[in-house]
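Hi everyone, thanks for coming. Today I'd like to walk you through a few backbone details. Let me put the structure up.

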Amino acid sequence: MARDSEEDPKAAKRQRKRKQKENKTRTVHANILYDHAKGEENPNRHYANNKIKTTKYTVLSFLPKNLFEQFHRFANVYFVFIALLNFVPVVNAFQPELALAPVVFILSVTAIKDLWEDYRRHRSDNEINHMDCLVYCRVERRYVEKFWKEVRVGDFIRLRCNEILPADVLLLSSSDPDRLCHIETATLDGETNLKQRQVVRSFLDLDCDFDPLKYNGIIECEKPNNDLNRFRGYIVHRSGRRDALYKENLLLRGCTIRNTEDAVGIIIYAGHETKAMLNNNGPRYKRSKLERQMNVDVFWCVIILLVMCLFTAVGHGLWMFQYGDKRPVFDVLSPEGTDLSPVMSAIYLFLTMIIVFQVLIPISLFVSIEIVKICQVFFIHQDLDLYDEETDSNLQCRALNITEDLGQMQYIFSDKTGTLTENKMVFRRCTVAGVEYSHDANAKRLAMYQEMDSEEEECPSRGGTLPRRDSVGSHQSAKVVLRSQSTKSHRRTGSRAEAKRASILSKHTAFSSPMEKDITPDPQLLDKVNECGSQMDFMRFHSQPMSQLPSDLADVLDFFVALTICNTVVVSSPNQPRQKQQLLQPGHQPLLHPRLLSVLSSPSAESTLTKLDEEQNLQQAFSPVPPQYDGRPLSAAEGELRYEAESPDEAALVYAARAYKCSLVRMRFELKSPVKTIEDFIKRFTPSRLTSGSNSSSSSSLVTNRSFTRGCSSVLSSPSAESTLTKLDEEQNLQQAFSPVPPQYDGRPLSAVEGELRYEAESPDEAALVYAARAYKCSLVGRLPDQVTVELPHLGKLSFELLHTLGFDSTRKRMSVVVRHPLTDQITVYTKGADSAIMELIRPPDTGNSKGKRHKKILSRTQHFLNLYAADGLRTLCIAKKVLSKEQYACWLQRHLEAETAIQGREELLFESALRLETNLQLLGATGIEDRLQDGVPETIASLRQAGLQIWVLTGDKQETAVNIAYACKLLDPEEEILTLNADSQEACAVLLEESLHYIQAKFLCSSSEHTTTKSYHSNVSPFGIYTPPPPPSSCPPAPPAVHQLGLVIDGRTLAYALDRSLEDKFLAVAQSCRSVLCCRSTPLQKSMVVKLVRNKLKVMTLAIGDGANDVSMIQVADVGVGISGQEGMQAVMASDFALPRFRYLQKLLLVHGHWCYSRLANMILYFFYKNAMFVALIFWYQFYCGFSGSSMIDQWYLIFFNLMFSAFPQLITGTLDKDVSAETLQQLPQLYTNGQNSEEYKPYMFWMNMIDAFYQSLVCFFIPYFAYADSDVDLFTWGTPITSLALFTILVHLGIETKTWTRMNWLCISFSVSLFFTVALCYNAYCPTCFSPSNPYWSMQRLLQDPLFYLLCVITPAAALLPRYFYRACQGTLFPSPVQVGRQLDKLPAETRRNILSLSGVKMGLPLGPKPHFLSLGKTSFKGCNKKQQQQQQQRRGLQTDSDKELPSADKDTLPYTKDAAPPASKDCLDQTLDASSWITSTPLLSPSDGVQFPPDGDSFCVKYSRGSEDRLKSDQSS
Amino acid sequence: MMASSYNAKEEDGNHPGAANHAGAGIVKSKKPDNTAFKQQRLPAWQPILTAGTVLPAFFVIGLIFIPIGIGLYVTSNNIKEFEIDYTGANIEDPCYNCAKNFSWNSTAQCFCTVPFTLVQPFESNVFMYYGLSNFYQNHRRYVKSRDDSQLNGDRSALMSPSKECEPYRTSEGTPIAPCGAIANSLFNDTLQLYHIDSNGTFNEIPLVKKGIAWWTDKHVKFRNPGGNNNLTVAFQGTSKPVNWREPVFKLDPEDPENNGFINEDFIVWMRTAALPTFRKLYRIIQKKSSSTPTLPSGKYVLNITYNYPVLSFDGRKRMILSTISWMGGKNPFLGIAYITVGSICFFLGVVLLIIHHKYDTRNNSADIPN
C-alpha cells in the first residue's frame, strides 16, 4: 500500500508532466488540498510564482550578459576588433592596454547606464513583490496577509475594494448581490470606465461566503498568453460537472477592484505568466531620419578611412622599395630580425593605419547622440508650455531616440474626434418622430460656457471661480460644491483648472463636465414628455393598454427610453466613490418596490407565498443548483426590507424571504412575470447571457442547450402575450391602487437624486445621450447585467429586463439592446447607431395606410434634419426600435444562443446574429451631438500649415460632419475650392482621379500666369516686411506640384478604391496638389494604409496623431506617432512615441522642440564628423614625413583621449542647449520649420563640405607648425604636442563659430575643456619619465609652455584655419541669409518691435504656402519713426490687399473653368472645352439636390464636387 | 490591439501592479519647475555672423597680426646662421673619399677637413648643430625601439631589455646596453672647429658639450645603473650596440662624468626628431667677452672624423652654426605667416566692408537701436 502510494504520485507526476508537454492547457488545483504549498506533490509547483523580476541581470550575470548585448552593436565590435588588433606586435600602434581605453570607456558608460536602469527596475520589482494581499491559509483557516511574491498559482485570494490584483485571478465569489466584481483596467489599457467581471457560474448561486475548504474543482485553462481579451477554460467539479470559464471570470493582474467590497478568487496565472506581464513589451526603438542619414555618412567615413589606409600602405611599400636592399639604419627590422618585404610591410601597415586612424569613425558619436537625446527629452518633458494643468499631465516621450524627427515632419495625419475636438460630447438637438427640437436654450448655454472659458483664460482669478457657475442658471454650483466636499483631494482655493483636475482625478468619471451634464431641455419637447408621462400615468390608472397612446407620444417615450437604456452606461454614486448604487440606497430601492407591492397586491399574501413556493419547486426541478446556493447574505436583505417595512404587508415578505432563504435577486426573477416563459428557464441556466456585449463569450454547456430546446417548445405552448399583458395590467392596476409611489417620486427634488448619480460610459456619446435624457427626467438610475432601471416622469421607476446587449462595433456602427418593456411586456429591440447604418435598416414604410405614410414622412424629415445636423458639424445618431413577437424572439434566440455557444468563429456568428436581429427597424428619431473643438485647434492648424506641413484629417465620421469640422478648425478654407471624390466603383474612382488631375493641371496652367503676377505684385507692394521669395529653390526635395488653394474630400469607399495599387499614384498626385485632404468614413486600416502610402511613395516624414484605439495602427505606421492622452483610453498613447495632453501642444512640440532638436543634433553630428576628420587628417599628413610608417607625432594618450575627454563636453553642451531661434519667434514664424523639413541643417553635401573644411583646417594645423619647426632640433613629441593643442583650439573655436547661443554653460565648458587638456598634459608629462613607452613625453609640455613660439603658433593657427569658415559664414549671413537667420535677427529686436513686424509679416506670409522670408527689410530710420510709418504702410497695404482681393477673383473669372458666379452649365462648357470631360462630371456649387444640404456654411465659396454616383443619380443629374 | 502595446515599465514606474502610486501622484503635481535652465531661457549671448558684425574682427586680427609678423620676421633675420654640407656626395667634396669607402663595419676612422668662411661675425653664443636629412628618425618602429627603463638605470631592464628593442636587444646572448635601434644608430661623427687667423694659424675653438641636452633628460630621465661610480662594473654583462665602436661607458674619453647613459650627445640623439630633416645640438660655443665676437668673420676649418654613413639612404650631413633669439633659431616662416594671415584678414575685412555697404543696408534690422 505504502509503496503504491509512493509510486502513484510519481507516476502521476510523470503523467502530468507529459500531459503538460502534450496539452496546451494548464491545470490548476487548489493549493489547500495539498499540505505544503511548495511540496513535491503540489501539481501547481511547475507554474511560475508571483515574484516578478523584470531585471535583466543578476550580480553575476551582469558583466557577460551586458557585454554580450553591447556587442550586438556593430560599432562596438568594430572598436573591440581594433583594440585587439593592437595586441598583435607586427601591427600595433599604441600601447595595447591604452588602446583598449576608449572601447572600455564606451562600453562601461553604456554598462553603467544599463546597470542603473536595471537597479531601478529591481527596486520597483522589489516594491511590488512586497505588496500585501490576503491569501487563504489552510493551517490557520483564514485569510492571512502575504507578500505578493509569496502568492502561488492555486492560492485562494481575497480581494477588497480598491485593492490591486496581484495576479490573474479566477473570480469565485463576490460580495456583490449579482455576483459581479467591478474592475478598473486603467493601468492595463487606460480605460477609466469600470468593467464587470462575473463569478464562475458554478459558484454563482452560493448564498453564503465562499469557503475555500469546500472547493474541490480542478481548473483547466489555456497556457499563459498575452491576449487580454481572451480566456478559455473549464472547471471540473468533483461531481464531474464541468463549467466553462470565460474572460468575464478572470481578473487580470494590475487591475483595481472597484465597487465590490469583497471578492475571492483562485490564482490562475502568477508573476510573469500573467497577461499583464506578458503584454509588457519594451520601449519602442525607431531610427530617426537624421540617424539614417548619419549612418550613410558613417559609411562614407569608413570608405575615407580605408582609402587613407590604403594610400598610406602603398606609400609605405614604395618608400621601402626605394631603398632596395640597402636597409637604412632607421628602418628597423621586424622583432624576429627578419627582413620584411615592402609588400608585406605595406600589408602590416594597412592594419596599423586602421588602428591609428580609428578616430575617424567616431566611437563616441553614438554615445554622445544618446546623451544629447536624453537631455533633449528631459527638456521637452520640462517645458511648462506643454504642461496641461487641467489634467496634470505633461508631454510624455515614449520613444527616446526620435526627438529630432519632430523637426522634419512633412505630413500630419490627424484623427478628428478627440484629437481636433475635445471628445466632450454635448447634446445639442434632436428630432423625434420627424419633429425637430432645436434646443435653442441649450445652444445659448453652450455659448455661455465658451465665453466663460475665454473669460477665465484672460483673467485667471483664483478662488472665486466656483460660484460663478451659478450664472449658468442651473443648480450647478451646489453640485460642484457637493462634489468638492466629497472628494478629499480637492482644494477649494485652487484655480478653476485645478478644481477641474481634482474633480477629474477623484471622480474617475471621464465624461462629465458640467457642460456635458446640464442640458437645458427644449420646452416643447419637455412638454411632450410630460404630457406623455401623464397620459401613460392616466392610462395605467385606467388600465388602458399602452398601445392606445398616440403614436407621436409613444415615439417620444420610446425615444427617451432608448436614449436611456440603449447603452452600456454604469451608474455610480459620488458619495461612495466608485461604489455602485447599493440596494440600500434610496436610488435603488424602488427597483424592488413596485414589484413587492404588486406581489402584495395580489389577493392574499399567502397565495403569493405559495406561488413562490411552487416556483421554487419548479426551479429546483429544472436546476441542478442546490437552493442553498441561492442569493445573497440574508442580513443584507433583512436590512433592506426593514427599511421598507412601513406597512405590515411587508413584514410578511420579510418572513417569506426568511423562510425560504430566497435571494432578492432570485425573487426578482420569480416574481417578475407570472407567466413562466422559456426565458425564465433559460435565464436560470444561462446567466452569463445577460452580460453585456454581443461578442461576449457566454455559456455554452450542453445542458443549457438541451434545456433551451426543451423550453422552446414550451414557449410556443405558453400563454399568449395578450394574457401576459392583461395580467401585467392587472398588477399595475392594483399597484396603482395600493401605491402612492409615483407622485412621491415626482415630488422629490429631482436634482437631489440626479446630482448624486454619475454615469460612467465607455464612449462620451453614450454619456451625453444619457444626460440628455435625464434633462427630460428620463433618468437612468441603475444598471445590472440583467436589468436596467429607469425613472420616467409620472411613471416612476421602471425596470427593463435586459435580455441582450449587442455591443457596438465599428463594422455595424450600431448597438442594440433587447429588453422586455415593463409597460407593454413586449420584447423590444432598441437600436442606436450611425445614421447611415440605421437608415438602411429601417423597415420600408408601407405606403398603403396612414401609418405607413406617417412613417415615410418621418423618415424623410428625419433624413432632412440629419443632413442639417451634419452640416452644423454635429455627430448624428439615429434611434430606432423594433418590437419582436415572442415567436420571432424565440427563433432568433435559438440561433443566437447557438452563436454564443459556438466554439469556433463565435465572433462572426454573433455578428451575424446581431445582423439578423437589427432589421426592419422603426425609426424613432435622431440626435445631434456636438463635439467641440479643442482650444487653439484652428490656430495650431493654421500655423502648422504655415510651417509647410501638409495636414490630412482621417476620420471615421460622415462626410458632412467632417467637412464642417474641417471648416471650423480652418483646415478647409471657405475661399478654396473643394474636390469631393465619391465613387461607387473602382473604374469610377479611376476616372474621377483622372479628371481631377486634369482639372488641377488645367487650373494650374491657367493660374500660373496669375500666380506670378501676384508674386511680383507682392514684392512690389511691401517695401517693409518680409518678402516672399521667388519660388522656393529647387532644394526642397521632391518639389511637390505647387499646392493650390484646393481641398480634397474623399470618403471611405472611394478611398478604398483609390488606395488600390493601380490608382494610388494618381490619388497621391491629386492629393499632393491639394492644400488639405479630408478622408471621411475611413476605417482604422485605411488610416494606416493612407499613412503608409504617403510615407512610402512620397518618401516624406509623416506624423500621425490620434487619441483612440482606431488610430493605433496609423500611429504605429507613421514615422512619429503622437497620442493624445485624452479621454478615449490610453491605447493610442501606448502605441505612440509622444503623448500630448492636447492637440494644440503639437505646435510647440513640432515648431519649437522639433526644430531645436533637429538643428542641434544635425549640427552636432556634422561637427562630430568634422572634428574627427580634422584630427585624423593631422596624422595623415604626417605620414608623408615619416616614411608612411604609421608613426604619429601626437602622443597616444592625446590621440585616444582627445575625442573622449578633451573635446567631448562642449559639443554635448551645444548639442543640448544651443538655440538657433528663440521659442517665441519659432512659433510666430512657423515658416522656419521648413528648415528641418528640407533637412537644411544637414544635407549630404554638407558632410563633404565639412570634410573638405576638416582637411583644410588640418592642413593648416599641420603645416604651420611644420614650417615653424622645419629643420630645427625639435623632437617628435615636443612638436606633436603643440599640434594637438592647436587642433584643440581650432576645434573649439570652430564650435564657437557654429554655436548660436552662448550661455554660461558654453563658456564654462570650453574653458573646462582647455584646462582639462593642459592639466592632463602637465600631469601626464610630469608623472613618470620612463612609463608610457613608446612615447616618452617627459616634461615636454612644461618646456613648451616656456616657449614663446608655442603661443605664437596658438594664435595664428586657429585664426588661419578658421578664416575661410568665418568669412563664409559672414558672407552667407549677409548675402544669403537663411530664414533661420532672419528669425535670429528678429530675436534681437526688442519684443514690441518684433511683435509689430511679425504681425505685419503674418499678414503677408500667411498667404502663400511655405514662403521663405528672405529679407527682413526695415527702413534705415530709427524705429520710433518706424512705428508710425509701419502703421501707415500697414494701412496702405491693407488697402492694397483689398484691392487685390477685388482683383484676384476677376482674374479667376478669366482663367478658371469654375467660378463661384458662373452657373454650373457654363462651367460645364468650360470644362468640356478644356478637358473634354465626360458628362457625368458635375460641377455643383455644393448644393446636392437630393437633400438640400448646404455646405460650406457660406455658400458663396466656389467648390467643385465630383461625384460618381449610381446610374440613376447620374441620370437625374443630367435631366435636371 | 489593446494588448499589443501595453507597456508597464516605461510609464513613470506605473507597474501593472503598482497603481497605488497614483495616489501619491495626485498630491504631487507633475508641473515642471519654472526655472531658466529647465525652460531653456538661460541668459545668453547670441552673435549673428553677418558682414557687419564680423567686420571689426577681421580688421582687428589684421591690425594685430601684421605688426607681430613684422616683428618676428625682423627677429628671425637678425639671427645669424651658417650651414655647411659635409656629406661628400660629390666627387669634389673633401669628404668624398670617406663617404664612399665607409660603412658601419669599417674599423679605420676616416678624417676629412672642410674649409669655410664666415662673412659676418657671430656675436652672442653660437650653437653648433649637426644636421641630417632624409633620416627618418620618426619611423614608427624606430621610435619604439628603445627601453626607457634601461636608460633610466633600472638594473633588471639593463640585463633584460624590453622586447621593443628587438632586433637590437641582445648580441650573442648578452643584453645590449643601450638597446634598440635608436641607440644603435647613434650619430658618431666628431666635429672640430678651427679658426684660421690672419697669419694662418689654426686656433681650435673650444666647444662646450655640457648643457646641450634637456636638464630633465640628463638628470631625471637618463641615469646610469648602480650610481655613477664605476661604470665598467655597472655595465658588466652587457654588450655594446652592434654599430658602436666603444661600449657606452667609454663614450666620452675626456669627461668621465659624461659617460654611460648620461652622455649628453647620446641623450640628444635619443630624443628622436620629428621630421626627416632635422638638426641636433652638438656643441655650444660660448661667448668669451663682450668686446670680441664669439666667431669673428674669417676663414674656418671643420675637422671631421667621418664615422656616420648616410649616403646609403640618400642622406645628407650638415654642420650648422647658429645664434639664437628668444624665439629659437632662424626661421622667417612664422613672421611671414603672420604677415600673410594679417594681410588676408585685412583684405577680407575690406571685402566684407564692401559687401556690408552694398548688401547689408537692408539687413541691418539687428542694428536697430532700442
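Let's start with K970(A), which sits in the loop between α32 (959–968) and β29 (977–983) of chain A. A word on those labels: helices (H or I, at least four residues) and strands (E, at least two) are DSSP runs, numbered from the N terminus. Before going on, please keep in mind that this is a predicted model, where local features need pLDDT of at least 70 and side-chain atom pairs count only at pLDDT 80 or more, while totals for chains, interfaces and linings use all residues. Residues are numbered from 1 along each chain as its sequence is written, chains are lettered from A and ligands numbered from 1 in the order in which they are written, and side-chain values use heavy atoms, with hydrogens and water left out.

Back to K970(A): its phi is near 65 degrees, a positive value in a residue other than glycine. K970(A) counts as partly exposed because its relative accessibility is 48%; buried means under 20% relative accessible area, exposed over 50%, and partly exposed in between, with a 1.4 Å probe and protein chains only.

Over in chain B, D314(B) also has a positive phi, near 65 degrees, and is not a glycine either. You'll find D314(B) in the loop between β10 (298–306) and β11 (316–322). At 53% relative accessibility, D314(B) counts as exposed.

Now, where are the cis peptide bonds? One runs from E166(B) to P167(B), with omega near -5 degrees, and P167(B) lies in the loop between α6 (155–159) and β5 (170–171) of chain B. Another links A177(B) to P178(B), with omega near -10 degrees; P178(B) belongs to the loop between β6 (174–175) and α7 (181–184) of chain B.

Thanks, everyone!
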